[in-house]
Amino acid sequence: MKKKALLISLIALCLAAMLLFTSCARCLEILRKFIPCKSQQPADEKPIETPVEEPHDETPADPPVEEPPVEFLSEEKWSFSANTIEEAKNIFDDFFYLTVYASNLIVTVSNNDGLLLTETVDGDKEHIQYAWGEETFAGKDGENYLYAVKDGNNRYYFTDENSYYDHILEFFFYLDVFADLPETAEISLTSSGTSYFTEFNVLIDATLSAAIQYDNVTMLVTAEKKSNQVKDFKNVTMVDSDIYMTQITFEETETSVTLPDLTDWFDVSAPLVASEWYVTGTIGGKDCGELPTYFDYVSGEYKTDYVDLVLGDSVTVKNKNDANATYSQAIDEDYLTGHQKIVFDPENESIAFECDVDPGE
């Protein structure tokens, strides 16, 4: 009897387990979606070996450090306007001051035809790259000054203070809209913006606009400043029906200017020295013997001093180091006569004449 009761209990327990397993099957399906199961392999197969990556020596790069945002304690909106040249120029200069005298600056100047030049400022050193290929360099070291020009095969430099200061910050020429304005010019200028005050500084966002009119000329000028730095300047000038555009961009950033090796460059500041080229023949109706020529660093030509040429003269250019180099020109036209420099271009092997007359006269 006891054995029969025990058998009945075991059967009931099995039935309960089967019911419990059946009710949880759905739960197991759901759990398998979230808990990966270990794959089973047949007993007669070798376990699959997972390749182990070799450790890398490279140290992972540090994530970029984001600077905390600037906290503004207060802000103030403002606006200035002017209708006279003097007042307008003062506002204009104040607007550009912090940018144009920055120690590290890249400036581009464009006109109707596109990019004109790129000027890089690195403290007391400068480099200008022109669209047509010419380059200029400037540098100051204590009392030593340098201004150098690389234009094709012509390479020359100056070592005087005036040449340095006359050629640095060339973009000023395109920026100065007040240069040579007549007193009768009508002007309306407005500069407005917002000053943001931080714990140790004041940051200014602003715009500037001006209209200048005189005779048949109208200039429309605009500029934009962000966080004390001028970013863009534009001048649209209308002369009658013609329109001329000048645009300047400014970028304050880390810059580096390397001055060139001047070993083979022509020193303009040195005293003139007679070259290997010279002129013989008749000048002013008389035998000229040997007339020296001097290298012209701008044109790359060789020029004599001014002489008086008359009809019937004949000049021949020769080289002291090459007896076969001989080039002649007869003065048989009125336009060749007068007070002239004799000019020889060795590249084109040609003789020309430079008249002592100001082209503006």
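Reply: Buried means under 20% relative accessible area, exposed over 50%, and partly exposed in between, with a 1.4 Å probe and protein chains only. Helices (H or I, at least four residues) and strands (E, at least two) are DSSP runs, numbered from the N terminus. This is a predicted model, in which local features need pLDDT of at least 70 and side-chain atom pairs count only at pLDDT 80 or more, while totals for chains, interfaces and linings use all residues. Residues are numbered from 1 along each chain as its sequence is written, and side-chain values use heavy atoms, with hydrogens and water left out.

Me: Which residues of H2 are buried?

Reply: Helix H2 covers residues 85-100 and bends by about 30° at Asp 94. The bend is the angle between axes fitted to the seven residues ending at a residue and the seven starting there. The buried residues of H2 are Ala 88, Ile 91, Phe 92, Phe 95, Phe 96, Thr 99 and Val 100.

Me: How many residues does the largest nonpolar core have?

Reply: A nonpolar core is a set of buried Ala, Val, Leu, Ile, Met, Phe, Trp, Tyr and Cys residues joined through side-chain atoms within 4.5 Å. In the largest one, the residues with the most contacts inside it are Phe 92, Phe 96, Phe 171, Leu 175, Phe 233 and Phe 250. Helix H2 provides the largest share of this core, 6 residues. The number of residues in the largest core is 46.

Me: Is Ser 191 buried or exposed?

Reply: Ser 191 is found in strand E8, residues 186-197. Leaving aside neighbours within four places in sequence, its contacts (heavy atoms within 4.5 Å) include Trp 78, Ile 91, Phe 95 and Leu 208. Because its relative accessible area is 3%, Ser 191 is buried.

Me: Why does Leu 98 count as exposed?

Reply: Leu 98 is found in helix H2. Leu 98 counts as exposed because its relative accessibility is 54%.

Me: What is the relative accessible area of Asp 180?

Reply: Asp 180 lies in the loop between helix H4 (171-175) and E8. Its phi is near 60°, a positive value in a residue other than glycine. Asp 180 is exposed, and its relative accessible area is 79%.

Me: How far apart in space are Asn 348 and Glu 301, C-alpha to C-alpha?

Reply: Asn 348 is found in the loop between strand E22 (338-345) and strand E23 (350-355). In sequence, Asn 348 and Glu 301 are 47 residues apart. Their C-alpha to C-alpha separation in space is 9.9 Å.
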